[in-house]
Amino acid sequence: MSTVSYHISNLLEKMTSSDKDFRFMATNDLMLELQKDSIKLDEDSERKVVNMLLKLLEDKNGEVQNLAVKCLAPLVNKLKAPQVETMVDALCSNMRSDKEQLRDVSSMGLKTVISELSSSGVAMTASVCKKITSQLIAALEKQEDVLVQLEALDILADMLGRLSAALVPFHGPLLTSLLSQLTSPRMAVRKRSILALGHLVPGCSSAHFCQLIEHLLAGLTQSGQSTATTCTYIQCLATVGRQGGHRIGEHLDKLLPLVVKFTSVEDDELREFCFQAFEALICRCPKEMSPHIGTVTELCLKFMTFDPNYNYDDEDEEEEEDMEVENALEESEEEYSDDDDLSWKVRRAAIKCLEALIGSRRDLLRPFYSSVCPALLARFKEREENVRTDVLAAFSALLRQTRAVGLEGEEPAVAMLKRQVNGVDEVTTIVKMVHRQLREKSLRTRQGGFGLLTELVQTVPGGLEEQVPALIPGIVFSLTDRSSSTIRIDALSFFHVLLLSHPPQVFQPHLKVLLPPVVACVADGFFKLSSEALLVSQQLVPVLRPQAPAGGALTPHPLSSRYDDSAVLCSHTSAAAGCREDERTFCSSEMFSVTLKRLKATDIDQEVKERAISCMGHLLWHLGDLLLEELPGVLEIFLDRLRNEITRLAAVRTVTFICSSPLKINMSSVLPDVLSQLGCFLRKKERALRISTLACATAVVTHHASSITPVDLEPVLAELPALLDESDMHVSQVSVALLTCVATASPASLARISGSVLPRVIGLIQSPLLQGGVLATIQDFLQALVLSKSSNLGYR
């Protein structure tokens, strides 16, 4: 007896112990052995292991049973086909047992075996599938036991989803058996049969697909059948549409009129399924649905307002624009409620179908703005939260499609949104309707409203300038809602997009109302909320002072957008006057205090650390002259973050940004240490760090040359020759750009390394890869070198 066989025999002997712990440990050891690739079982060991595991499936201890099921997965790949067939035969027999626990465990075992068959040989998979399929079909015909039928259908659906190719010879019997279950009196059986049919459709032949469609047509045209059976056929049609795709397209002329007819039947559930079928067909075969789009659209518009048990009172359309924030806290009127009313499901299905139409038919966008857009706006008053959320989602889809059309240049998308209707453009109407949703108690409604507004801002950048005052109360209401962090994050996310796309002066009158909740969010303990609030704070800084003190407009440093999209400052600054001096001082103090607290913290999430560094950089860039007392301490913190491996990249980029401030921030106290640290970074292999470091050194030399000496620059310049190599032309270009700045601002510094730099530059000039931006940068360097008129920069 081999060593493996002996060890397996010992484990099998322990599995017969009367002690459940012995059985459990032995089964666990067997599983670990079977998971080893090196183990090989002889025929006798295979048979013994299979018999023992089948016996353990009937063990009295549930943990042992579960572990035995887990053992089947690695065992399948160690067995030959006869033993696998024996195992699945026993599992199928146990699955039809009257004992519920044994039936459940055996079903789990069968699913485990099926999940591993895909990696086994084709021949074994086919033979095992044949064995399982025949027994499952027999189990389906066991009408007296519904639980057995449900287990069999569940396993069949799993098999068809995983091993459809191996089951092709059995598609005929399977199709016949599954179709017969569509008329089962049990709803659960019908639903699982539909699921199994859905898995069968993608791999079945055209003949079997036509057989399935003909069966559905016969069922839908049969008179006198129950509504529940009709619902089942419609559901099956929707599933076949999702899985069959274009294959069902040639049958739509027969199927669609039947589905349309059933929408007139006074049954809410049936109507819901009809619209779900429309949605599936629109998504999966939009081309074939083209002749029927008009009919489906009319039905959607009709039934999206279907609410026979509720009378919507005419609401006052004119609301005061200067409504106070506290009005948002007032409770809304109690909504109508009726547990037996299912009409909301019809409305929701119709709206989801409309959303599918909008998403798949961009060519009909203009007609949609004439018919669908007003209808969706009118449904913002929907009483049911689930439906109202879907209305907002559908309108968001319309805006996304509008933006896509505008990007492709097919049509002036913005013009469709800004068209005048009764003297009011669409954007104003949309904002007026949505801002009511921002004061709802429902979190989902407010989330949908913020999502829609975000899409609107991105579709019409800068187009909400006149509507911002109406949106502020809703934003503040959600920012101060401590019942949910999610809604606060959504509000901050929208506010961030709004700040990026509108000029600062729009928000200046509201700064005292907006700043306190944002500052509170920055100080919150939840890292995702704090991180998002720091982004918003960063964009609020230009609102405090969109212009330099001398009157020149501030513009973002070109390097700022390279490292963080959120660092892009609003460019609409030329006309802004800024806040009053006392207000600016107070707001800057508030923002500085909370940001400094986050900047100092070391036990917080990395994203919060990086965004705190970036936010503080923007505070110094815009308001550094108001923070002169705190400046040395902040610069020391930045230096400490440069020395930290986790935060060094964010710190390098922020220092680069601060250097470019027109306020000429005094950084002389830390520049020698900063340059020393930058020299260390240039020896690192991380390419992004190298490029950012070179950009930072360039900014220091360009804007603070008077504050540094040749000795301070030496750590950086000493590393440059090694970076001038044709293997990475971009790094070489940035390095030469730094040398150009040094040659202009401090020629004496360059003289120290001329002997090593100039040969490398000449080597680049001789490279066949030299072209474009790199060539222009080298030309600029040589020109600066000549203009410096230094006597010790010769080269032979």
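Of the 796 residues of the protein, 54% count as buried, meaning under 20% relative accessible area, with exposed set at over 50% and partly exposed in between (1.4 Å probe, protein chains only). The model is predicted: local features need pLDDT of at least 70 and side-chain atom pairs pLDDT 80 or more, while totals for chains, interfaces and linings use all residues. Residues are numbered from 1 along each chain as its sequence is written, and side-chain values use heavy atoms, without hydrogens and water.

The accessible surface of the protein is about 35000 Å², and carbon and sulfur atoms hold 50% of that area. Areas come from the Shrake-Rupley method with a 1.4 Å probe. The protein has 38 helices and two strands; these are DSSP runs numbered from the N terminus, with helices (H or I) of at least four residues and strands (E) of at least two. Among contacts between residues at least 6 apart in sequence, 75% join residues at least 24 apart, where contact means heavy atoms within 4.5 Å.

**Helix pairs**

Two helix pairs are listed below. Axes are lines fitted to C-alpha atoms over the stretch in contact, and angles run from 0 to 180 degrees between N-to-C directions.

| Pair | Residues | Angle | Axis distance |
|---|---|---|---|
| H1 and H3 | 3–14 and 43–56 | about 20° | 11 Å |
| H4 and H5 | 62–76 and 81–95 | roughly 155° | within 12 Å |

H1 and H3 pack at an angle of about 20°, which makes H1 roughly parallel to H3. Angles under 35 degrees count as roughly parallel, over 145 as roughly antiparallel, 65 to 115 as roughly perpendicular and the rest as oblique. The crossing of H1 and H3 is left-handed, a term for a near helix turned anticlockwise from the far one by less than a right angle, clockwise being right-handed. On the H1 side the contact is made by Ser5, Ile8 and Leu12, and on the H3 side by Ser45, Lys48, Val49 and Met52. These residues divide into four nonpolar, two polar and one charged. Here Ala, Val, Leu, Ile, Met, Phe, Trp, Tyr, Cys and Pro count as nonpolar, Asp, Glu, Lys and Arg as charged, and the others, Gly among them, as polar.

The axes of H4 and H5 cross at roughly 155°, which makes H4 roughly antiparallel to H5. H4 passes H5 in a left-handed crossing. Leu72, Leu75 and Val76 in H4 meet Val84, Met87 and Leu91 in H5. The residues of this contact divide into six nonpolar, no polar and no charged.

Serine 343 belongs to helix H16 (residues 343–360) and counts as buried at 1% relative accessibility. Leaving aside neighbours within four places in sequence, serine 343 is in contact with Asp268, Phe306, Asp307, Pro308 and Arg383.

Helix H31 (residues 671–681) has as its buried residues Leu671, Val674, Leu675, Gln677, Leu678, Gly679 and Phe681. They pack against helices H29 (631–642), H30 (648–659), H32 (687–703) and H33 (710–717). In the loop between H30 and H31 is lysine 664, with phi near 55°, a positive value in a residue other than glycine. Lysine 664 counts as exposed, at 55% relative accessibility.
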